[in-house]
Amino acid sequence: MTLQFYYHPLSMPSRSVRLFLKKTGIQVEEIIIDLAKREQHSPEFLKINPRHCVPVIVDGDFILTEGIAILCYLIEKFPDKVADHWYPKDLRKRARVNEYLSYHDGSTRQLFSRVFQDEYWFWDKKVTDEERKNHIKDMLYVATQLQDTFLKDKQYLCGDEISIADLMAISEVSTVKAFEADGRILSQWVKLLLNVMATSQVIQPTIGRPDTTKEHPKLAEWLERVKTFLKPEFDEVYEPFYEVRKEAMSKKK
């Protein structure tokens, strides 16, 4: 029986899982839950996930939520399709991946997505300038932690081979690319975000700015390295995300 995969292109954890599915060739039935229409609150979906979030996988009579848990389940269920580097069997290498995953939800996930949500989400949110400023500060602290305490001099967050830790992080960090195309909607916090995180290859905004690579150069290199490894699946997974972004931003003008 084919697994069912419920997701939305704008959901960062959904993109991480979808990238993994595409990269490993694990076959699933994809079902989009339209967050803009609040389909996650529909009676039908609440029967699947009462916590009204994506991603979700359904494997027969087994339902599993949460991106990290889903990735770990897929790794165990399809060992012949999943290379060891994604979640190493070596005790210490796996412990390093688990270390980052334990950090991720309360830090990278929460603080990067909060800044994104300050600018746009599916409903009107009242966020003060002071709140925006604090959210940016928190996010930039996490960016420094990713570079200086996880990445250090390694190729990837947990070693010299890519793992699911990088998959989870890339979907959060690369969300800033959602704002590349339309300089008219770049607010002050986006300019600051670009100033710290961007390279000309990662983000190509339509506004001028000073050299942006010196604040977190290793993190910028990591971002490109992960994207290169994940191509062409990265472009396939992100294409609908950019379409959603384009439509969303046209409504904000």
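**Reading a predicted fold, step by step**

Mentor: Let's start with a helix: Ile164, Ala165, Asp166, Leu167, Met168, Ala169, Ile170, Ser171, Glu172 and Val173 of H6 are buried. Keep in mind that we're looking at a predicted model.

Trainee: How many residues of helix H6 are buried, and how do I read that?

Mentor: In general, an α-helix has 3.6 residues a turn, so residues three or four places apart point the same way. Here, H6 spans residues 164–173 and is mostly covered, with 10 of its 10 residues buried. For the protein chain, 53% of the 253 residues count as buried.

Trainee: Which elements make up the protein chain, and in what order?

Mentor: Reading from the N terminus, you get β-α-β-α-β-β-α-α-α-α-α-α-α. That's 9 helices and 4 strands.

Trainee: In which sense do S1 and S3 pair?

Mentor: Antiparallel: S1 (residues 3–7) and S3 (residues 56–59) share 3 bridges.

Trainee: What about disulfides: how many does a search of the whole structure find?

Mentor: A disulfide is a covalent bond between the sulfur atoms of two cysteines. The search of the whole structure turns up 0 disulfides.

Trainee: Is cysteine 158 buried or exposed?

Mentor: Cysteine 158 is buried, because its relative accessibility is 17% and the cut-off for buried is under 20%. Cysteine 53, at 36%, counts as partly exposed.

Trainee: Now for the largest pocket: what is its volume, roughly?

Mentor: Rolling a probe the size of a water molecule over the atoms shows where empty space is left. The largest pocket comes out at about 560 Å³. Its lining has 24 residues, and the closest to its centre are Ser11, Pro13, Cys53, Val54 and Arg109. Helices H1 (12–24), H3 (67–77) and H4 (91–119) are the elements that give two or more residues to that lining.

Trainee: Which element gives the largest share of the lining?

Mentor: H4, with 4 residues. By class, the lining of the largest pocket has 11 nonpolar, 9 polar and 4 charged residues.

Conventions
Residues numbered from 1 in each chain as written. Predicted model: local features only at pLDDT ≥ 70, side-chain atom pairs only at ≥ 80, totals over all residues. Heavy atoms only, no water. Disulfide = S-S within 2.5 Å. Buried < 20%, exposed > 50% of the residue type's maximum accessible area, 1.4 Å probe, protein only. 1 Å grid on protein atoms, 1.4 Å probe; cavity = no way out; pocket = protein on both sides within 12 Å on 5 of 7 lines; lining within 4 Å. Points joined across faces, edges and corners; volume = space filled by probe spheres on them. Nonpolar A, V, L, I, M, F, W, Y, C, P; charged D, E, K, R; others polar. Pairing = 2+ DSSP bridges.
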